[in-house]
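Open the model in your viewer and keep the selection tool ready. This tour tells you what to pick next and what you will find there.

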Amino acid sequence: MTRTVLVCCGTGCIATGSLSVAEALRGEIQKSGADATVETVIKETGCNGFCENGPIVNIVPDDVSYYKVKPKDAPDIVKGLGGEPVRRLLYRVDGKPVPSQKENPFYAPQHKIALRNIGIIDPAEISDYIGRGGYEALQKALAMTPDEIIGEVEASGLRGRGGAGFSTGRKWRIAAGYESNPKYVVCNGDEGDPGAFMDRSILEGDPHTVLEGMAICALAIGAAEGFLYIRDEYGLALKHMEKAIRDAEDKGILGDKIMGSDKSLRLTVVRGGGAFVCGESTALMASIEGRVGEPRAKYIRSVQRGLWDQPTVLNNVETLANIPVIINEGGEAFARIGAPKSKGTKVFALVGKVKRTGLIEVPMGVTLRHLIYDIGGGVIGDRPFKAVQTGGPSGGCIPADMLDLPVDFDTLTSYGAMMGSGGLIVMDDRSCMVEVARYYANFLAGESCGKCTPCREGLRQMLIILTDICEGRGKDGDVTLLEEISATMLDSSLCALGKSAPNPVLTTIKYFRDEYDAHIGDKRCPAGVCPKLTAFEVDPALCTGCTLCKRTCPVGAISGELKTAHEISESACTACGVCREACRFDAIITAPKRRCGV
């Protein structure tokens, strides 16, 4: 029996040496004559998304997964094929090694649809995709009428996974209803949220599923041309997508007379313009046309007048990845998964102060607690959970007492947050929520296109106020002013960037008002994050004199001998917090505000 060794060689795993691992395995297999082949599976976050544990190697059909593999491990892996697994490379649960992903708490609760092929196929080989049933949905769609295709998508209840959550079937039906030609299909792969890599993983690891989704959309609306707008920094995704298009054209799946039919579809990759705002639909289309990536007012929607003023359907990468499954299995089967008004699954990038980080796909409607504690394993160091920021830089911060909220489009929106494209950033008690708001205001102020005054000036003024608060210059009335600016931006900004930019500010004010009051009234950062409002001291009752804090201090502000309590020089300390992170005994504590020198 032939065994296949799947080596994750996505961007993240390449950075930790997976290409060398794959080469070492090939050489070892050739040398040993083992009855196995090595298939290099390319994906961004490591095999099936367990990013922090790459490089990952999977053995099929033995159902064995190895983590943090190095080239020197190749002989032992090859020797163990079909026999006893290499125990030191297995993932451990409560100290017990578990060979199968089915026993791994990171993977076990997941339900993969959009990510169904990633970690299993080689994205550079179209035959791998076809071998997994690829392009069968397109063949089926060619025998359906446009109305039948759209009907299945409508029955599925699929909503846009890029953040807006608009009904995909409704969007397609509106575009199909216009007689104006030509029509266009566009894939939005301009993923720009900090900490997000959902679309990147799909583009890198399963490019053909996106092409198949676009082709089915083209049949439904009557388009013969389309564009994939992919972030320029996604070099591997661009490479794989361009090859996938060439391979599909060579096999007659794309291009003229697709699959022997009278339908044609030409797809072109467009490299993103490098601006966060180009993820907004009208700005993206302006960029494709060669114009400055600025949004326009949407009194006329893109489905009526989009690219070059023609009917255009724009879908997110993850949205398109669901389409082949919906056509193959039927819309009603997809609709049975998820929440009442948020059907199917959602891909999330789970990052931050969480033990198990990575890319996950779960049914809509699961709780934040399930995502963070059951799949993510809880907060690093078992510190108190403080908040989770959902939906990217325009999302909101959800506090600990709302951990049991279901994760779906409407619930998150009702609490001031948003689903967004699927970023989840976990924060512990050492996260300053005022600084979090300042960070996102700074990011968005730099990414605003500047076309409309509410967004351009509103973000700049919010950033000034938040910076003043974090640096000890906050004053009474600042919070009220932030709320007033936010209200103006929500009401009158031109596009979704400006309309959603106040979310981090408003949710941190709503759920963490005490931190704003402490910064402004007490001139103190409770989390010990803002340097100008923080001083650190050593609790002698907890300090063991291990000297670790002294050795890690970048400015030499800590003194003390081995096995004796240390001291921090306030005049030399920069309040960077490195010592606190290094201390294993929680002996570094924030000092009383009188020591902060403000």
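**Before you start**

This is a predicted model, in which local features need pLDDT of at least 70 and side-chain atom pairs count only at pLDDT 80 or more, while totals for chains, interfaces and linings use all residues. Residues are numbered from 1 along each chain as its sequence is written, and side-chain values use heavy atoms, with hydrogens and water left out.

**Stop 1: the largest pocket**

Select Gly-162, Gly-163, Ala-164, Lys-298 and Ala-496. Of the 50 residues that line the largest pocket, these lie nearest its centre. Several elements give two or more residues to this lining: helix 7 (168-177), helix 11 (281-288), strand 10 (312-316), helix 15 (409-414) and helix 19 (496-500). Helices (H or I, at least four residues) and strands (E, at least two) are DSSP runs, numbered from the N terminus.

The pocket holds about 1500 Å³ of space. Here a pocket is an open set of points on a 1 Å grid over the protein atoms alone, with protein on both sides within 12 Å along at least five of seven lines; a cavity is a set where a 1.4 Å probe fits but cannot get out; lining residues have an atom within 4 Å of a point. Points are joined across faces, edges and corners, and a volume is the space filled by probe spheres set on them.

Now colour the lining by class. It has 17 nonpolar, 21 polar and 12 charged residues. Ala, Val, Leu, Ile, Met, Phe, Trp, Tyr, Cys and Pro count as nonpolar, Asp, Glu, Lys and Arg as charged, and the others, Gly among them, as polar.

**Stop 2: Thr-168**

Next, pick Thr-168, which sits in helix 7. Is Thr-168 buried or exposed? Its relative accessible area is 1%, so Thr-168 is buried. Buried means under 20% relative accessible area, exposed over 50%, and partly exposed in between (1.4 Å probe, protein chains only). Beyond neighbours within four places in sequence, Thr-168 is in contact with Val-153, Leu-158, Arg-159, Gly-160, Asn-315 and Thr-319. Contact means heavy atoms within 4.5 Å.

**Stop 3**

Select helix 20 (residues 503-511). Of its 9 residues, 7 are buried: Asn-503, Pro-504, Val-505, Thr-507, Thr-508, Ile-509 and Tyr-511.

How do the two helices pack, and at what angle? The angle is about 170°, with the axes 8 Å apart. Axes are lines fitted to C-alpha atoms, for helices over the stretch in contact, and angles run from 0 to 180 degrees between N-to-C directions. Helix 16 and helix 20 are therefore roughly antiparallel. Angles under 35 degrees count as roughly parallel, over 145 as roughly antiparallel, 65 to 115 as roughly perpendicular and the rest as oblique.

Show side chains at the contact. Met-433, Ala-437 and Tyr-440 of helix 16 meet Pro-504, Val-505 and Thr-508 of helix 20. By class, this contact has 5 nonpolar residues, 1 polar and no charged.

Move on to helix 21 (residues 513-522), where Glu-515, Tyr-516, Ala-518, His-519 and Ile-520 are buried. Their cover includes strand 15 (385-390), helix 16, helix 17 (453-470), helix 18 (478-492) and helix 20. Just after helix 21, Lys-523 takes a positive phi of about 55°.

**Stop 4: the cavities**

There are 4 cavities of 30 Å³ or more. The largest cavity has a volume of about 70 Å³. Among its 13 lining residues, Cys-553, Cys-573, Thr-574, Cys-576 and Cys-579 lie nearest the centre. The lining has 11 nonpolar, 2 polar and no charged residues.

The second largest cavity holds about 60 Å³. Its lining includes Val-538, Cys-543, His-566 and Phe-585.

**Stop 5**

Most residues other than glycine have a negative phi, and most peptide bonds are trans. Now select Val-60 and Pro-61: a cis peptide bond joins them, with omega about 5°. Pro-61 is in the loop between strand 3 (57-60) and strand 4 (64-66). Asp-63 lies in that loop too, between strand 3 and strand 4, and has a positive phi near 60°.

Jump to Asn-181 and Pro-182, where the peptide bond is cis, with omega near 0°. Finish at Asp-94, which has a positive phi of about 55° and is exposed, at 82% relative accessibility.
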